[in-house]
Amino acid sequence: MNLNDEVMWVEKYRPKTLNEVVDLNHVIESLQAFLKNPQSMPHLLLAGIPGTGKTTVAICIARELFGDKWKSFTLELNASDERGINTVRDRIKDFSRYGRTGFGDAPYSLIILDESDQMTGAAQTALRRIMETSSRTSRFILICNYSSKIIEPIQSRCAIFRFSKLDKNAMVEHLKKIAQNEKLQLLEEAAERIVEYSEGDLRHAINALQTAAAYQTGVIDEQTVLQVFGEASPRQVQLMLNKALSGNFIEARKMMYDLIGQYGFSGSEIVRQMQRELLKVPHISDSQKAELTDIIGEYDYRLTQGANSDIQLSALLAQFSKFEK
Ligand SMILES: Nc1ncnc2c1ncn2[C@@H]1O[C@H](COP(=O)(O)OP(=O)(O)OP(=O)(O)O)[C@@H](O)[C@H]1O
Ligand SMILES: [Mg+2]
């Protein structure tokens, strides 16, 4: 099944208000306190692992500040936009200065910079100045995986909120609600299994549920979940591994994208399965397996630190395809 063919549940069930956000209670409480008196809201830095609600929370804040017309008061830049120094100088500076004009009751304009840890150092320095001079007319929400990649002077101007793995029970409850709404019977142990495999990433858990629902209409039991996570994958992962080990990087990478896009696997899960499948490969020696395991360990660590999984997996496959046998 290709998840792109139908409405993605991650979008359908993306919270529209802070009250609907799963887990993250202390983050939400602090933000709601700021929103009671919007002038009191500082610039924000939302940092942490993928699929835990950072972008969602930023957009909820925009909605709560400005209502349905939030888009006219908000400049949203994400990774696909150019983020060099010129963008910062031109678009961000203009918006932060003039954003407020004619906006009636809105206390300021909002600038959301998603994946801001990808900004160059020069752009961050320019951004810092704009943050200093425009704090009466605008607020910034910076979103990133690693707060350490944001320069210190920006960090010190922001209230920092950390997003770590979401609570398992809260995730299970959320999946059950979605299932109920989709008229699916999701058995307790199946929900727990999805959550266990998703490692605190709710986007991933919801994608897995949707894939399971396509496998099996009506009742989702543990078996279906194992099928989604387990059976389809070793074969695919085995193929991808063999492609990479035979030096065919481009094809291996394409298979990796299928695993993420069509099967809904998370990066760390693919890495874990690569490790398991690697040990079964017949034509390489034990010492080579040890060396490759070492490489896998490095990438596994990077992923737990919140690195972008497409890029890290591509890099891992690149290492495998260069490996001397
Ligand atoms: N805390 C949460 N509460 C409710 N839904 C969530 C939460 N976290 C993630 N989701 C679900 O996962 C989807 C992706 O979440 P979101 O885009 O906010 O993640 P993110 O933290 O910005 O991830 P990334 O670092 O990959 O950008 C949402 O559309 C929503 O369906
Ligand atoms: Mg995001």
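**Close-ups of a predicted model: sheet and ligand shell**

**View 1. Strand 1 and its partners.** Strand 1 runs parallel to strand 4, and 4 bridges join the two; strands here are DSSP E runs of at least two residues and helices are H or I runs of at least four, numbered from the N terminus. Pairing takes at least two DSSP bridges. Across from Leu45 you'll find Leu142 in strand 4. Strand 5 is also parallel to strand 1, joined by 6 bridges, with Arg162 of strand 5 opposite Ala47. This is a predicted model: local features need pLDDT of at least 70, side-chain atom pairs need 80 or more, and totals for chains, interfaces and linings take in all residues. Residues count from 1 along each chain as its sequence is written, while chains are lettered from A and ligands numbered from 1 in the order written.

View 2. Strand 3 (109-113) and strand 4 (138-144) share 5 bridges in the parallel sense, and Leu110 has Arg139 as its bridge partner in strand 4.

**View 3. Around ligand 1.** The shell holds 22 residues, and Arg14, Pro50, Gly53, Thr55 and Thr56 come nearest; a residue is near if its C-beta atom, placed from the backbone, lies within 6 Å.
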